[in-house]
Amino acid sequence: MFGRRREKSGATTHTNGQDIELANSNEPKQDGVHHKHHHPMFNHNGHQVTKGIHPDGESGRKGIHPHHFLRISARSTSKVSMAVNVLWPFVPAAIAVRYARPDAHVWIFALNYIAMVPTANLIGFAGQELARKLPKVFGVLLETFLGGIVEIVLFMVLLRKNNDDPTAEETYNQLIPVIRAAILGSILANLLLCMGFCFFAGGLRRDEQEFDGAISEVGSGLLLTAGFGLMIPAAFRTSLSGSAEVNLTAEELSHKVLTISRVTSVVLFVAFFLYVWFQMRTHHGIYDAVLEKDEERDHDRHKDLKKAKLTLTECIIALVIAITCVCLHAVFLVEEIEFIVHERHVSDSFMGLILVPLVEKAAEHLTAVDEAWDNQMNFALAHVLGAAIQTALFNGPLVVIVGWGLNKAMDLNFEIFNAVILILAIIVTGNFLRDGKSNYLEGALCIFIYIIIAVTAFNYPDPRAGSSGTSEVSGATGESSATGGGHKFL
């Protein structure tokens, strides 16, 4: 058994709920002295275990070895992830085109969009390698957080590039609707697309897959709570817009919505850290047991354990390289969004709900689907639901709070179309999770719903430029936007 602890001679240790009698050790015996539990001296591959490193993540090396580093990184976590590494030539190409041909807007957008995929994949792989070296629950949480770095970077770049000068009529607050749509789009991509592929991929190898309620019930409950919190500002704005009984100007109403959004974001922020505390401190034993049981069902665990692993230093170096590249591509990508929206007539809803989340969540989706394929459905759901919860309770509120600090009018005034889709998606996926079982049919249904949403988002018109984005498409507030009309669409 792996990861077991060694005690003094004659003592009994516990691994996965079983009692194992350990052989005599070479350590001197001291009668009456109680020895503390510690990791074994050597792991399953015969590597000496470094203090503080979990045996499953021990590489047997220290520092950095370029040849091993490149070979292990190219291998990645699965065959699909390894195939994604073929896209690495797009990374230097995207950077070169950005500086050599700054007027080639479509090429810059397309190349940087593709280049985000292998760099995000490297973040996911390095995060997974780092997570193997840590306790299971903390490792999964850290891996999920690292997978969300791409999303945080994109949100921050979009917020920073947003033009908050009211005199610039053409581009005033042009990127705020994209950020709002991307927040919801990220949640939808996890709940419908990624979870759908997990159910479908796992269902191809077996009739049904089972997962623990400790993962699914807490996750779906938190998402429903987060969805409720995210929708309150939009519901407030919609109910008061154009009402003859309320004596509020458009500016006063927008200010109240902004205030509600900021307070809501702070509350959701607190809820996220309470959720992390719940998983890591007070109830970590439950999650440890669930994830350890999942490891026993992993069909490829013996292969994964034998694979060469990155050292701690190599993990950090890989993360630094990948995050640097992601930041560059995010900046170049965001610079071209206005051109794509205006000149190529791609709506804010499609850009935010579909295009941005697909590239930012690529690494997490590949990891989760691979785990479902290997019958580790609890791990897969931990990544899927964990990523959705992080977006709803942390990443989304974070961009509002940062916008508050930068004096930007970033609020949670979502389009009613987007809000309704989110709530329905949470209800649908919650219903699929309720029985603790999944199959390929449920997965296919989730994917079909996502395709319908993508087609609808592509044809959904933008609100008028300068509007708040809820009901101003039809001018419900009675005040025609002074910043010009909406975009033309195909």
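## Salt bridges

Arginine 101 and aspartate 103 form a salt bridge in which the closest N and O atoms are 3.3 Å apart, a salt bridge being a side-chain nitrogen of Lys or Arg within 4 Å of a carboxyl oxygen of Asp or Glu. Arginine 101 counts as partly exposed, at 47% relative accessibility; here buried means under 20% relative accessible area, exposed means over 50%, and partly exposed lies in between, as found with a 1.4 Å probe on protein chains only. Side chains of opposite charge can pair when their charged atoms come close. A search of the whole structure finds five such salt bridges.

Another of these pairs joins glutamate 335 to arginine 98, with 3.0 Å between the closest N and O atoms. Because glutamate 335 lies in helix α12 (residues 312-343) and arginine 98 in helix α3, this pair ties together parts that are 237 residues apart in sequence. Glutamate 335 is partly exposed, at 29% relative accessibility, whereas arginine 98 is buried, with a relative accessible area of 18%. A further salt bridge, at 3.9 Å from N to O, brings together the side chains of arginine 205 and aspartate 374. Arginine 205 belongs to helix α7 and aspartate 374 to the loop between α14 (362-373) and α15 (377-405), so parts that are 169 residues apart in sequence are tied together by this pair. Arginine 205 is partly exposed, at 36%, while aspartate 374 is buried, at 4%. Salt bridges that share partners also join Arg98, Lys161 and Glu335 into one network.

Residues are numbered from 1 along each chain as its sequence is written, and side-chain values use heavy atoms, with hydrogens and water left out.

The predictor's confidence in each residue is its pLDDT, from 0 to 100; the mean for the protein is 78, and 75% of its residues reach 70 or more. Where pLDDT is low, the predicted coordinates should not be read in detail.

## The nonpolar core

A nonpolar core is a set of buried Ala, Val, Leu, Ile, Met, Phe, Trp, Tyr and Cys residues joined through side-chain atoms within 4.5 Å. The largest one has 117 residues, of which Ile179, Leu188, Leu230, Ile337 and Met351 touch the most other members. Helix α7 (residues 176-205) gives the most to this core, with 17 residues. Apart from it lies another core, of five residues, including Val91, Ala94, Leu111 and Ala115.

## Two residues in their surroundings

Threonine 429, in helix α16 (residues 416-433), is buried, with a relative accessible area of 2%. Not counting residues up to four places away in sequence, threonine 429 touches Leu191, Leu192 and Met195, where contact means heavy atoms within 4.5 Å.

Methionine 156, in helix α6 (residues 149-161), is partly exposed, with a relative accessible area of 23%. Leaving aside neighbours within four places in sequence, methionine 156 is in contact with Leu398, Val399 and Val402. The C-alpha atoms of methionine 156 and alanine 330 are separated by 9.5 Å, although these residues are 174 apart along the chain.

Technical notes. This is a predicted model: local features need pLDDT of at least 70, side-chain atom pairs count only at pLDDT 80 or more; totals for chains, interfaces and linings use all residues. Helices (H or I, at least four residues) and strands (E, at least two) are DSSP runs, numbered from the N terminus.
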